[in-house]
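The sequence and the model come first.

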Amino acid sequence: MLCHDRMGKSILITGGARSGKSRLAEQKTLALGRPAIYIATAQAHDTEMADRIALHQSRRDADWRTIEAPHDLPRALRDSDGGAPRLVDCLTLWLTNLMLAEDDWRAALDDLVNAIPEQTAPVIFVTNEVGAGIVPENALARAFRDAAGLVNQHIAEACDELWFCVAGHPLKVKPA
C-alpha cells in the first residue's frame, strides 16, 4: 500500500462533469495553506476549452500561482514540492494529452504514482469519473474510458484520501 503518514497529505477528488469537484478541490487546497499552486493540465485547443479554462481562472485570486503541466505532471509535482499546497486539475485531461500525443501513458502513470509518496507538501488531484455511464460506441472512446479508470484506481490507491462529488455534494470514500 502506498499511503503515507506525513505532512504531504495527498487527496483525490473525483466525480462526473459539473459535479462540484474542482470547487471542492480549490477550497480544500486553500484550507491547507496560502498561497497555493494550481497545476493545470488543460490545453486550449478550441474556443470551448479556452472558455472552460477562463472560468476556472476567474475563480482563482492572488492566493494562487499557476504551473502548466499538460504532459510531465510528475516533474511538475517534484519541481513544485516543498512549500505551498498544490492542486492538480485534472488527471483526465492529463491522460487525454498523453494519449493524443501517443505518449506511453502507463509509464507516465507509474512515474506519477511513485512521485506521490515522495511529496512533502500537500497535493490534491481532480479527476473525472468516466466509467459510470454507458459503454462508448467507438474503440477510441472505450480505450480512453478504460485508461481513465485505471489512472483513477492507481492514484486513489496512492492517495491518503478519496472524495466523490455528486450534484455539488462531496462524499468521503477513503478516510486518511
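**Entry 1: ground rules.** I count two strands as paired if DSSP finds at least two bridges between them. Helices (H or I, at least four residues) and strands (E, at least two) are DSSP runs, numbered from the N terminus. The model is predicted, so I note that local features need pLDDT of at least 70, side-chain atom pairs count only at pLDDT 80 or more, and totals for chains, interfaces and linings use all residues. Residues are numbered from 1 along each chain as its sequence is written, and side-chain values use heavy atoms, with hydrogens and water left out.

**Entry 2: the sheet.** I looked up the strand order. The sheet is open, has seven strands and reads S3-S2-S4-S5-S1-S6-S7, with mixed pairing. From one strand to the next, the twist averages 20 degrees.

**Entry 3: around S1.** I then followed strand S1 (residues 10-15). It runs parallel to strand S5 (residues 123-128), and six bridges join the two. S1 also runs parallel to S6, joined by five bridges. Thr14 shows both pairings: it stands opposite Thr127 in S5 and opposite Phe164 in S6.

**Entry 4: the hairpin.** S6 and S7 pair in the antiparallel sense over five bridges. Leu162 has Lys174 in S7 as its bridge partner. Two residues lie between the strands of this hairpin, and Ala167 in the turn has a positive phi of about 50 degrees.

**Entry 5: the helix across the sheet.** Contact here means heavy atoms within 4.5 Å. Axes are lines fitted to C-alpha atoms, for helices over the stretch in contact, and angles run from 0 to 180 degrees between N-to-C directions. Helix H1 (residues 21-31) lies across strands including S1, S5 and S7, and runs at about 180 degrees to S5.

**Entry 6: Arg78.** I found Arg78 in helix H3 (residues 73-80). Leaving out residues up to four places away in sequence, Arg78 touches Asp111, Asn114, Ala115, Glu118 and Gln119. Its side chain makes a polar contact with the side chain of Glu118 (3.0 Å). Such a contact is a pair of N or O atoms within 3.5 Å; within protein, one must be able to donate a hydrogen and the other to accept it, and residues adjacent in sequence count only if both atoms are side-chain atoms.

**Entry 7: salt bridges.** Side chains of opposite charge can pair when their charged atoms come close. I use this rule: a side-chain nitrogen of Lys or Arg within 4 Å of a carboxyl oxygen of Asp or Glu. The count comes to ten salt bridges. In one of them, Lys9 meets Glu161 (2.7 Å, N to O). This pair links distant parts of the chain, 152 residues apart: Lys9 sits in the segment before S1, Glu161 in strand S6. Lys9 is partly exposed at 28%, while Glu161 is buried at 4%.

Arg86 forms a salt bridge with Asp81, with the closest N and O atoms 3.4 Å apart. Arg86 is buried at 0%, and Asp81 is partly exposed at 22%. Salt bridges that share partners join Lys9, Glu161 and Lys172 into one network.

Terms used:
Buried means under 20% relative accessible area, exposed over 50%, partly exposed in between (1.4 Å probe, protein chains only).
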